[in-house]
Amino acid sequence: MNHLFFLLTLTAYMGSFAAYIGYLVAGREWSGRLGSLLLAAGLVAHYFALLERARGLHTVPYHDLSGSMSLFGWLLALTYLSLELFHRQRSVGAFVLPFVLAFLLFAQLSPPDRLAAPPATGVAFAFHVTLSILAYAAFGLSCVLSLIYLGEQRLLHQHRVGDVVWRLPSLDLLDRMSQSSVLVGLISIAIGTVLGFVWVDRLTGNVWHYDPKYVVTLLVLVAYVFYLRLARNPGWRGARASQLCIFNFAIVIFSFTVVNLFFSRSHRYF
Amino acid sequence: MEIVLVGLNHRSAPVEVRERVSFTNDQARQAAEELRARGILHETLVLSTCNRSEVYGVPPETTHESAAALSNYLSSFHSVQLDLLSPSLYHHYDRNAIRHLFRVASGLDSMMLGEAEILGQVREAYRVAYEHGATGPVLNRLFQGALEVGKRVRSETELGARPMSVASAGVKLAERIFGKLQERSALVLGAGLISEQVVSHLRDRNIARLFVMNRSLDRADHLAREFSGKVIAWDDWESALTLPDVIVSSVSAEEPVLKRSVLQKAMAARGNRPLFVMDLGMPRNVDPDAADLYNFYLYNIDDLTQIVQQNRSARESEIPRAEVIVDEHVGKFLTWQASVNLIGIVEALRHKLKAERAEFIRERAEGIPGLTSEQREQVEAIIDQLLEKMLLDPARRLQGEKDLRRKIQQVEAIRELFLPDRERP
């Protein structure tokens, strides 16, 4: 990753994180706005960093683990900012930015990939990967929102209602934000998967090019559809739905790591 | 004259003790009658709220034994062992009792600093006692002063400018769970003053549906009409639990009205939809064991007040201004009290001097030959005029004394110098 853009991105994200913390802890409205502005600036810088990197390597940013992680961080931040604007709720930023920063730093520090790259070319492939990573980022965001939900609910049950709880979104809004995020993820992964089949068909002439990743992706799809269905059921809405959402993300992590690294023949870093 | 206060509050006693020593209006009337009949207090006023039970009184005796007698009475009235009760009780007299009441009425002594309800509760306690004839000139003056202090503190400081109460805290907590309340419904169990305040906050937030249940249908009707709600018959309350998202309970009952088994059944019937319950009853209306039910959020009066207490620091900067107003009114009351005492002392002194003058003339006149009764009366009148002048001039100066502390010291000095046998007023 280009160092200038990386440093700009890192500075903007860290500033955004500090500003969001200021908003959450001290309730300063200007601090929240600054957090959003810095996050937007960070997204722009991060985009150029990804672009520079792709140009430098003459390949897509998700060619290796580093690029894939960086793209994941960027899409996580982008999904969060979209949700923030849609729901007009800034207090979750302080919880999401550490994950964005972690992915950015992990991408920067990860060793260079020596393995041969898959034949990654074409628009269908580009959208397939981008939408898949976007889906993972959206699922990751819904997991963070579910964790916040469980934490806030625990505090409310224990009657430990401090300043932070007053500034967090209501449980109902967290629930809806999580569902919105999952919906974005589901749509992305559905379109991304279809595009993946299209790309495989063009490449091999056979749409049923079996890969264990298909099974896990189908499992992820079913799990999140199940979550959306249950989250709309009053009896499941709340802690149970949040726990399910976190469990589902564990499947995503499994798919993203174990399946990609040890079982899949064509999905290494997405 | 002596004002005595015996009581307990949220700081001195846990809810388990407070709920055993709380008074209903009928109990307050009964206590006032019994305290008078037993010669413990001439004037009585019981202030019983969720956070405090206090008995203010004017005892016939000026000793501090009245506090002990009151403690014993509270123990026997509520059938709570004195050993259990005593550590929670505080006793205040005169200046401290006056100051305590004025701080209570101002919201300075509330668990939630500057809370709005307490002034209404002081007003209500005074109304009940006054209408029952339990108060007299001292407590009437004291509580009118307390109401005046409460109003001034609210209008002249920020302590009252941002009303935050148990009711508003409860409604804000409901928003923590449900977000905006426009599409939610609430059920109010018990149509008392505190319920009305909660309903008012719920209406301010445009709650969609409001149901009211009360043993007295008239009161339920009144509340429902005032806030565009719907009355549900008291007998239907178990089925009514399936309707709302928020329940506000402030029923006067010795046993929990909402038991765990009932709530468990209701939660199952409503498909475990989240339910937020504000238990504002004292004793508590909701079985505390129900708190672990899924999607069930239970807050009692202590929980709510503790939460709101966290906002206290934001208001603490206003305390000094409020205390100045309290002190000013304590001073006013003591001035009034001192002026009353002064009149009593002047009368007593006049009576004593006249008695001594009569004794003096009788002894001296016997030794003066040829003193006619007419001349003797003239001498008596001259001496009376002299005594009156000697008495009234300093009394007038003392009356006009601006320095309260100096004035009280001077009154005390007169009493001790000239009327050492007179009981302390």
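**Interface and sheet architecture of chain B**

In the predicted model, 14 residue pairs, both members at pLDDT 80 or more, are in polar contact between chain B and chain A. Helix 8 (166-178), strand 10 (296-300) and helix 13 (301-309) of chain B each contribute at least two residues to the side of chain B that touches chain A. Helix 8 of chain B provides the largest share of that side, namely seven residues. Classified by residue type, the side of chain B that touches chain A comprises 11 nonpolar, five polar and six charged residues.

In terms of contacts, 22 residues of chain B meet 22 residues of chain A. The two chains bury about 1,700 Å² between them, and carbon and sulfur atoms account for 50% of this area. B:Arg176, B:Tyr294 and B:Tyr297 supply 38% of the area that chain B buries against chain A, more than any other three residues. Two salt bridges are found across the interface of chain B and chain A. In a salt bridge between side chains, A:Asp172 is joined to B:Arg184, with an N to O distance of 3.4 Å.

Chain B contains an open sheet of six strands with parallel pairing, arranged in the order 7-6-5-8-9-10. Strand 7 (230-231) and strand 10 of chain B form the edges, each pairing on one side only. Within this sheet, strand 5 (residues 185-189) and strand 6 (residues 209-213) of chain B run parallel and are joined by five bridges; B:Ala186 lies opposite B:Leu210 of strand 6. Helix 9 (residues 193-204) of chain B lies across strand 5, strand 6, strand 8 (246-249) and strand 9 (275-279), at about 170 degrees to strand 5. Helix 13 of chain B, which also contributes to the side that touches chain A, lies across strand 9 and strand 10 and runs at about 80 degrees to strand 10.

A further open sheet of chain B has four strands in the order 2-3-1-4, with antiparallel pairing. Its edge strands are strand 2 (43-48) and strand 4 (90-93) of chain B, and the twist from one strand to the next averages 15 degrees. Strand 1 (residues 4-9) and strand 4 of chain B are paired antiparallel over four bridges, with B:Gly7 having B:Tyr90 of strand 4 as its bridge partner. Helix 6 (residues 117-131) of chain B packs on this sheet, touching strand 2 and strand 3 (52-58), and its direction makes about 145 degrees with that of strand 2. Helix 7 (residues 137-156) of chain B likewise lies across strand 2 and strand 3, running at about 35 degrees to strand 2.

Note on methods: Residues are numbered from 1 along each chain as its sequence is written. Chains are lettered from A and ligands numbered from 1 in the order in which they are written. This is a predicted model: local features need pLDDT of at least 70, side-chain atom pairs count only at pLDDT 80 or more; totals for chains, interfaces and linings use all residues. Side-chain values use heavy atoms; hydrogens and water are left out. Contact means heavy atoms within 4.5 Å. Buried area is the accessible area (1.4 Å probe) that two parts lose on being put together, summed over both. A salt bridge is a side-chain nitrogen of Lys or Arg within 4 Å of a carboxyl oxygen of Asp or Glu. A polar contact is a pair of N or O atoms within 3.5 Å; within protein, one must be able to donate a hydrogen and the other to accept it, and residues adjacent in sequence count only if both atoms are side-chain atoms. Ala, Val, Leu, Ile, Met, Phe, Trp, Tyr, Cys and Pro count as nonpolar, Asp, Glu, Lys and Arg as charged, and the others, Gly among them, as polar. Two strands pair if DSSP finds at least two bridges between them. Axes are lines fitted to C-alpha atoms, for helices over the stretch in contact, and angles run from 0 to 180 degrees between N-to-C directions.
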